[in-house]
Amino acid sequence: MLETSARLLRLLSLLQSHREWSGAQLADRLDVTARTVRRDIDRLRELGYPVHSASGTAGGYRLGAGAELPPLLLDDDEAVAVAVGLRTAAAGGVEGIEETSVRALAKLEQVLPHRLQRRVGALNAFTVPMFGGGPRVDPNTLTELAHACRDCRRLRFDYTAHDGTHSRRTVEPHRLVCARRHWYLVAWDTDRADWRTYRADRITPTPPHGPRFTPRPPPAEDLAAYVSHGISTGAYARQATVLVRAPLERAAERIGPAAGTLEAVDARSCLLRTGAHSLDVMVVHLMLLGFDFEIREPPELLDHVREIRDRLSRTLAAAPAAGPPPGGADRTPGTPSGSSAGS
């Protein structure tokens, strides 16, 4: 009986971790026969888990939505991650779900084992979330985008660009990426025949969606880096590559994903790829990093740095010379005016 119960939990974990499994795949992972898999599936259905059978000879199975929410099987790290995520949402990360996040968090913490309550409690006590006043994404929109990515369905939406222009888009959604408190949709734009990145808070879905599509190879293995490059470099008219005289870890403390992408060169330096609307803004951005740097490209950026250097030199040369301190040059520092050092 214990062996059967443990196997059912393992089967449930597999069904929750993957969109669809064939009967042969489940039998191989559980080291049982296909007949045993079918019996275990029937047991899960009796317990209220909506396990659906896929059509065809493959005998595939997937965990669907039912009339009620059955118990979820979470390991320790997953339970802590859900608790932290709910607390972040409760603090205002996604518009309109703060109150429901608090209720869900209260239910979760009530059933957490003591060892996990201590971990979550420490995070709650010693972390302070901070959200800016910028636009936040509608949770219904975020859910709709996530479902389209999961189900491989074409997505239609109205999009408002950063300059306020409106357009209608039809895309094959791939993934949602969160960066700098914003959600971004990475998708293949069917009309432009290219990969594009869209701010989720600027998307207004226009269903019906579909049909299904065959997923394409993603534009990059590291989608977080791909989005980071797009929002920090590719979106700007002027772009630059700079060698920063600092270790990658130290540079990353001051240069976030929205400011540029970093690549280690050696133990003492790294490459920064960044962008700006103009060369003037680019120079100011680089100077404020607080690191020595070497401009690799474009060459005109180096010419612009020389122009700014000469302008600053002329400003310093035209500045009046520093005069004596108030009260006379002979007064000893710290001595009140009108008194002598020896009195």
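A: Rings of Phe, Tyr and Trp (for Trp, its six-membered ring) are said to pair if their centres lie within 6.5 Å, and planes under 30 degrees apart count as stacked, over 60 as edge-to-face and the rest as tilted. In this structure, ring pairs link Phe157, Tyr159 and Tyr198 into a cluster. Please keep in mind that this is a predicted model, in which local features need pLDDT of at least 70 and side-chain atom pairs count only at pLDDT 80 or more, while totals for chains, interfaces and linings use all residues. Residues are numbered from 1 along each chain as its sequence is written, and side-chain values use heavy atoms, with hydrogens and water left out.

Q: How many aromatic pairs does a search of the whole structure find, and what is the geometry of the pair formed by Phe157 and Tyr159?
A: The search finds four aromatic pairs. The one between Phe157 and Tyr159 is edge-to-face, with 6.2 Å from centre to centre and 70° between the planes. Tyr159 also pairs with Tyr198, again edge-to-face, at 5.1 Å centre to centre and with 80° between the planes. This second pair links distant parts of the chain, since Tyr159 belongs to strand S3 and Tyr198 to strand S6, 39 residues apart.

Q: Is Tyr198 buried or exposed?
A: Buried means under 20% relative accessible area, exposed means over 50%, and partly exposed lies in between (1.4 Å probe, protein chains only). Tyr198 is buried because its relative accessible area is 1%, and Tyr159 is likewise buried, at 8%. Phe157 is buried as well.

Q: How do I read the sheet, and in what order do its five strands come?
A: Helices (H or I, at least four residues) and strands (E, at least two) are DSSP runs, numbered from the N terminus, and two strands pair if DSSP finds at least two bridges between them. Here five strands form an open sheet in the order S6-S5-S4-S3-S7, with antiparallel pairing. Its edge strands are S6 (194-199) and S7 (203-205), each of which pairs on one side only. For angles, axes are lines fitted to C-alpha atoms, for helices over the stretch in contact, and the angles run from 0 to 180 degrees between N-to-C directions. Neighbouring strands of this sheet are turned by 50° against each other on average, direction ignored.

Q: Which residues stand opposite each other in these strands?
A: S3 (residues 155-160) is joined to S7 by three bridges, and there Phe157 stands opposite Pro205. S5 and S6 are joined by six bridges, and Leu185 has Tyr198 as its bridge partner in S6. S5 and S6 also form a hairpin with four residues between them, where Ala193 in the turn has a positive phi of about 50°.

Q: Where else is there a positive phi in a residue other than glycine?
A: Asp31 has a phi near 60°, and this residue lies in the loop between helix H2 (23-30) and helix H3 (34-46). Asp31 counts as exposed because its relative accessible area is 71%.

Q: What should I look for in a core, and how many residues does the largest nonpolar core have?
A: A nonpolar core is a set of buried Ala, Val, Leu, Ile, Met, Phe, Trp, Tyr and Cys residues joined through side-chain atoms within 4.5 Å. The largest one here has 18 residues, and among those with the most contacts inside it are Val244, Leu272 and Phe291. Strand S8 (238-244), strand S10 (269-276), helix H10 (279-287) and helix H11 (299-318) each give two or more residues to this core, and H10 gives the most, with four. A second, separate core of 15 residues includes Leu14, Trp21, Leu44 and Val51.
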